[in-house]
Amino acid sequence: MSSSPLSKKRRLSGTETKTGSHCSSSNSVRTDLSHTPANGMAKNGNDAEIDEGLYSRQLYVLGHDAMKRMQNSNVLISGMRGLGVEIAKNVILAGVRSVTVHDQGVAEWRDLASQFYLREADLGKNRAEVSQLRLAELNNYVPVTAFTETLTEDFMTDFQVVVLTNSNMEERQQLGEFCHTKGIKLVIADTRGLFGQLFCDFGDEMLVFDTNGEQPLSSMISMITKDTQAVVTCLDETRHGFESGDYVTFTEVQGMTELNGCSPVEIKVLGPYTFSICDTTGFLDYIRGGIVSQVKMPKKIAFKSISFSMAEPEFVLTDFAKFDRPGQLHVGFQAIHAFQKKHNHLPAPWNKADGEEFLTLAKEVNAAQTGSAKVEQLDEALIKKLSFVAAGDLAPLNAFIGGLAAQEVMKACTGKFMPLMQWLYFDALECLAEQEGGAELTEEECAPRNCRYDGQIAVFGTKLQEMLGKQRYFLVGAGAIGCELLKNFAMIGLADGKGEVIVTDMDTIEKSNLNRQFLFRPPTLRSKMKSDTAAAAVKQMNPSIRITGHQNRVGPDTERVYDDDFFESLDGVTNALDNVDARMYMDRRCVYYRKPLLESGTLGTKGNVQVVIPFLTESYSSSQDPPEKSIPICTLKNFPNAIEHTLQWARDEFEGLFKQPAENSIQYLSDPKFMERTLKLPGAQPVESLVTDCPHSWADCVAWARNHWQCQYSNNIRQLLHNFPPEQLTSSGAPFWSGPKRCPHGLDFSTSNELHLDYVVAAANLFAQSYGLKGSADRAGVIKILQDVKVIPFTPRSGVKIHVSDQELQNSNSSVDDSRLDDLKVQLPSPESSTFKLCAVDFEKDDDTNFHMDFIVASSNLRAENYDIPPADRHKSKLIAGKIIPAIATTTAAVVGLVCLELIKIIQGHKKLESFKNGFMNLALPFFAFSEPIAAPSHKYYEIDWTLWDRFEVTGLPPNGEEMTLRQFLDYFKTEHKLEITMLSQGVSMLYSFFMPAAKLKERLDLPMTEIVTKVSKKKLGKHVKALVFELCCNDLTDEDVEVPYVRYTIR
């Protein structure tokens, strides 16, 4: 998934929530925050500055206003079993004011199946006290307190949000009513084996500032009518995207100026480019122009208390295929509490007698319902399954429900996103064995063993546990998703026996990772590798897990490491990647080696999961998102109208000034054939960048930066206005500077203008870096140098061609003429005589000391000033220019929970397509959609059906030791498969074609296949290569083209 640029936000002020301190007692444990933390962090509070270095990716999801509201919220989380600790982890990472964890119980064996901050040595100790010490390390801005006494109403008044995870029905009712009365926001979360429950009550009147988290839309206007319900028509470049009921405001309207800066107006959508607004009959006539922008309006929401909501429940569906499931589970979860109250324990795992009694209790609970909670007919098989697994405790389910619950806590704190209204139920019964007739596990198989997996054995029995221990899995990536996956792997016992988890990631840990990648701590920032650090962290969670960290990028370059032997030894692959290219590569490898692949991704509050099963489903590459819309070159060069355009222009400037010239120069100096190859290129010549005045001092760099400023922000704009004056008309008589074309104005340089100086300091430092010279951040020194810099006066020239459209640009001949190339060649020093040192500057957005973002922000905002486009601050500029993907820990946790549920199905050997679930979620709405994976598309030649998982297996080197020749290969397909090969290729190399010259064909026909491959590709085959992949074009016996699978040609 990729990010989209954020639009400028309207700031909304909100009342601050109350804050308070927790009462201290002999049973409380506090983190000592009296010292300054090692990473320089401090507590949150009213006056706390937001640490953008730590929270940057989350800030792009929530925004500064919501983040500040969250920093004033004290949160109580009751119950420190697996679900409670998951919620606490996510809430602490998010950055609330404080978290108090509460539990009166002690650690038991069954807790270790999902409570990742409990160790075997902690058995018998209070869960809250043990967890507090480890949770406190997650975020030094958030003090974490443990409370081990009974919750009282007096104690709870200190909190803005209360979360109950391990409470009985009486506690829920009593504390829930108290919270509703006192305006304390309440979240109740519960998991029982393969079932989950979530409830929210945020009071009688909650204000939601932003219901969906999407960036406000804006559109350019082409017409506004004068009418009682005026019709606004937008430019037909793109659809406006508004919905009826949205509110909008206007800017830059010429003529009907009464609309500019007006109070938000409600609209009614009439079509993709039109909508109606208020009465404009009393306004001036519309002339031209204008921008309409969506305004996020606060929305009031009322919640029912838990008592009312129990009787009249409102459900959020998680799976449309299980439409009636929430009502059934609403009764079932009440039956769990009734059973526990009656027996003081949960139904025993897979105990048939308990199951029957539980069903009877559920029927009684249902009969006692008075409101809409009563269901017509209980699903007896479902209710019994709930009884059988209710004693279970599964890490993946806790991760999913815990991610959702933590997001609801953040909604309660901030008013950002639409809260859950009000009940959510989820189940993953597909994880159970697929046998016909629903063969059930026995009570003996699922009885407690006094081992760390008891919570999981209660659901799946011991056989799955043994299978999990033997798995050999490859995890690609140890970032946010990778960390969550490793935690879940450790909890479920993946590779804790003879198996192994291999995790690879070539990145080191950065500060911005700590907000989501919870296996890393500030002391681990010192250039440590993610894979090794994450592997060591999960070994502490479960010392039995066998895990190995690698630092390799996956791709053709590492196929000597991740070779045939490596992939053939794997049971499966899990991706935790952040780019499409790497995902596609791993997908191709999994298809080739026929290994299951678990794919997932997040974008802010959105997440998706895809499961790829050999011979069953399509692969990741089978369907692709449409390409992102690119900005036309002429818009970037001459006609920007949005801050996204100026930021992309600034990024292009960075590459063109500080990276590409140095790379070209280095190639020229090191590659004797560089000139020969380069002169053959059409269009602009890289050679031109080699002939520049080489700076010899810091003063030269400052002079260059000042003159480049003059060229870009004054001279070029004046030339543009010379070609197209402000009053210019098009051939149709319309103003040239209208619609998306904004008329620019040149700037006058001033050392007293901070933005001008920002540009010169950043550009001069980057120019100095690329030539190996020492720079300086001394602004006074730069001003002094600038006093002696000569700026050549500029006069616009006639005859300069400026292209108005990309089509015009393509049609023009933009190549450099031959005489110019001859001049360049003469001016170039010979590679041997050149002594200067060059260094290409690679853009790095997250280092605030390297001048990269300083240059981007100044460069973009100066150009924005040229065109009267509102500027962007550093935070927003970094998002767009750095192509940052907004991210938040809650989505990551929930997505990974779903991934691991699919992993359990794969390891059990599920074969039915309907057993697997691809998933999509948007926690902001909240919205969930699950579907069967798409079956692998089927193709046919003759009567043979095949999919992407099929191939021709050809043994190129038979036992006699003589490798197959091209002639034999062609004959083999004729005789064995009745196919005539018309073209044969390997990678990008064409090995054979029916139109090949006779001499070349004669030469190749009797050569061994590997010799032809080596000869055509001009590359030797590595010793690690066991087989080659050939692509075929074939005709059948009727001489018709047929589509056929690829060939796996074995050579070793």
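Visitor: How many residues lie between S23 and S24 in their hairpin, and which glycine in the turn has a positive phi?
Guide: Before that, keep in mind that this is a predicted model. As for the hairpin, S23 and S24 have two residues between them, and Gly604 in the turn has a positive phi of about 65°.

Visitor: In which sense do S23 and S24 pair, and over how many bridges?
Guide: To read a pairing, look at the direction of the strands and then at the bridges. Here the sense is antiparallel, and S23 and S24 share seven bridges. To see one for yourself, find Thr602: its bridge partner in S24 is Gly607.

Visitor: Which other strand is joined to S24, and by how many bridges?
Guide: That would be S25: four bridges join it to S24, and the two run antiparallel. Strand S24 covers residues 606-612 and is mostly covered, with five of its seven residues buried.

Visitor: Where is Pro926, and what kind of peptide bond joins it to Leu925?
Guide: For a peptide bond, omega is the angle to check. The bond between Leu925 and Pro926 is cis, with omega at about -15°. Pro926 sits in the loop between strand S25 (918-922) and strand S26 (927-931).

Visitor: What feature does UniProt place at residues 916-1047?
Guide: The unreviewed UniProt entry gives "domain: Ubiquitin-activating enzyme E1 C-terminal" for that stretch. In the model, the end C-alpha atoms of residues 916-1047 are 30 Å apart, and the span is 22% helix and 33% strand.

Visitor: How many residues of strand S30 are buried?
Guide: Five of the seven residues of S30 (residues 980-986) are buried, and that makes this strand mostly covered. Now look at what S30 pairs with. Strand S32 (residues 1027-1035) pairs with S30 in the antiparallel sense over five bridges, and Ile981 has Cys1034 as its bridge partner in S32. Strand S31 (residues 989-993) is joined to S30 by four bridges, also antiparallel. In S31, the partner of Leu984 is Tyr992. S30 and S31 form a hairpin with two residues between them, and Gly987 in that turn has a positive phi of about 65°.

Visitor: Which residues other than glycine have a positive phi?
Guide: Let's take two cases. Asn344 has a positive phi of about 65° although it is not a glycine, and Arg594 has a phi near 55°. Asn344 lies in the loop between helix H8 (325-343) and helix H9 (352-368). Arg594 lies in the loop between helix H16 (580-593) and strand S23 (597-603).

Visitor: What is the order of the strands in the open sheet of seven?
Guide: Read across the sheet from one side to the other. The order is S12-S11-S15-S9-S10-S14-S13, with antiparallel pairing. At the edges are strand S12 (265-266) and strand S13 (268-269), each of which pairs on one side only. Inside that order, strand S10 (residues 231-234) and strand S14 (residues 274-276) pair in the antiparallel sense over three bridges. Val231 has Ser276 as its bridge partner in S14.

Visitor: How many disulfides does a search of the whole structure find?
Guide: The search finds zero. A disulfide needs two cysteine sulfur atoms within 2.5 Å. For Cys701, the closest cysteine sulfur is in Cys694, 8.9 Å away, so that is too far for a bond. The sulfur of Cys839 is 13 Å from its closest cysteine sulfur, in Cys701, which is again too far for a bond.

Visitor: Are Cys701 and Cys839 buried or partly exposed?
Guide: Cys701 is buried, with a relative accessible area of 0%. Cys839 is partly exposed, with a relative accessible area of 38%.

Terms used. Residues are numbered from 1 along each chain as its sequence is written. This is a predicted model: local features need pLDDT of at least 70, side-chain atom pairs count only at pLDDT 80 or more; totals for chains, interfaces and linings use all residues. Side-chain values use heavy atoms; hydrogens and water are left out. UniProt positions are given in the numbering used here, feature names are shortened, and annotations may be inferred rather than shown by experiment. Buried means under 20% relative accessible area, exposed over 50%, partly exposed in between (1.4 Å probe, protein chains only). Two strands pair if DSSP finds at least two bridges between them.
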